[in-house]
Amino acid sequence: MLEYYRFKAVHDLFMKGQEAEARLQLAELQRRYVALCDENTTFKMQVQEYEDILYLARNLTFDGDFYWLDTGSIRQGPFCPSCYDNDGLLMRLSGESPERFCTSCRKAFKRRLPPQELAPAMHQEFSRYPEFAPDLPQVEHALPLSETQPRRAKIIPFVVSSA
């Protein structure tokens, strides 16, 4: 810490005519002041880094395939899961959904849509051009396989060979 009383002591030395001693003490005070300013700047940078880490921890989400950064009402991304998991880097993926490509690690990613999301996505895609739409089941009435018919185990006979 900088001792403020030393500034008065330097002033008093100048007033007494001891300029050489006053200059030495003033140079020491300047050196310590610069060191404190450097230390303060370092601490400010560390605080900013910790704030950035906390911001990412609160706003970065993983949807099972990609990382997304939520900033207010805007969702940014997708970001490469490999680069973030291995190096902590947020590298935006290029390409269009469902196939994406990372320019940093050179990996290709394909989004895996769960079956319940696949049919609505296809309906939405073909709703703009109904003449090209395949015959898709209606999403509102579609039930999972387990609810429409019971699952039955397939019995495979076990043959014992007598050799």
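Q: What makes Arg106 count as buried or exposed?
A: Arg106 has a relative accessible area of 59%. Buried means under 20%, exposed over 50%, and partly exposed in between, with a 1.4 Å probe and protein chains only. At 59%, Arg106 is therefore exposed. A quick note on the source: this is a predicted model, where local features need pLDDT of at least 70, side-chain atom pairs count only at pLDDT 80 or more, and totals for chains, interfaces and linings use all residues. Residues are numbered from 1 along each chain as its sequence is written, and side-chain values use heavy atoms, with hydrogens and water left out.

Q: Where does Arg106 lie?
A: Arg106 sits in the loop between β4 (99–101) and β5 (108–110). Strands are DSSP runs of E with at least two residues, helices are runs of H or I with at least four, and both are numbered from the N terminus.

Q: What is 3.1 Å from the side chain of Arg106?
A: A polar atom of that side chain lies 3.1 Å from the backbone oxygen of Thr103.

Q: Why is Cys83 called buried?
A: Its relative accessibility is 4%, so Cys83 counts as buried. Cys80 is buried too, with a relative accessible area of 0%.

Q: How do you know that α1 spans about what is expected?
A: The expected span is 1.5 Å times one less than the number of residues. Helix α1 (residues 5–16) has twelve residues and reaches 17 Å from its first C-alpha to its last, close to the 16 Å expected.

Q: Which residues of α1 are buried, and what puts them on the same side?
A: Arg6, Val10 and Leu13 are the buried residues of α1. They cover an arc of only 60° around the axis, so they share one side of α1. That arc is taken from the directions from the helix axis to the C-beta atoms. On the other side of α1, Tyr5, Lys8 and Met15 are exposed.

Conventions. A polar contact is a pair of N or O atoms within 3.5 Å; within protein, one must be able to donate a hydrogen and the other to accept it, and residues adjacent in sequence count only if both atoms are side-chain atoms.
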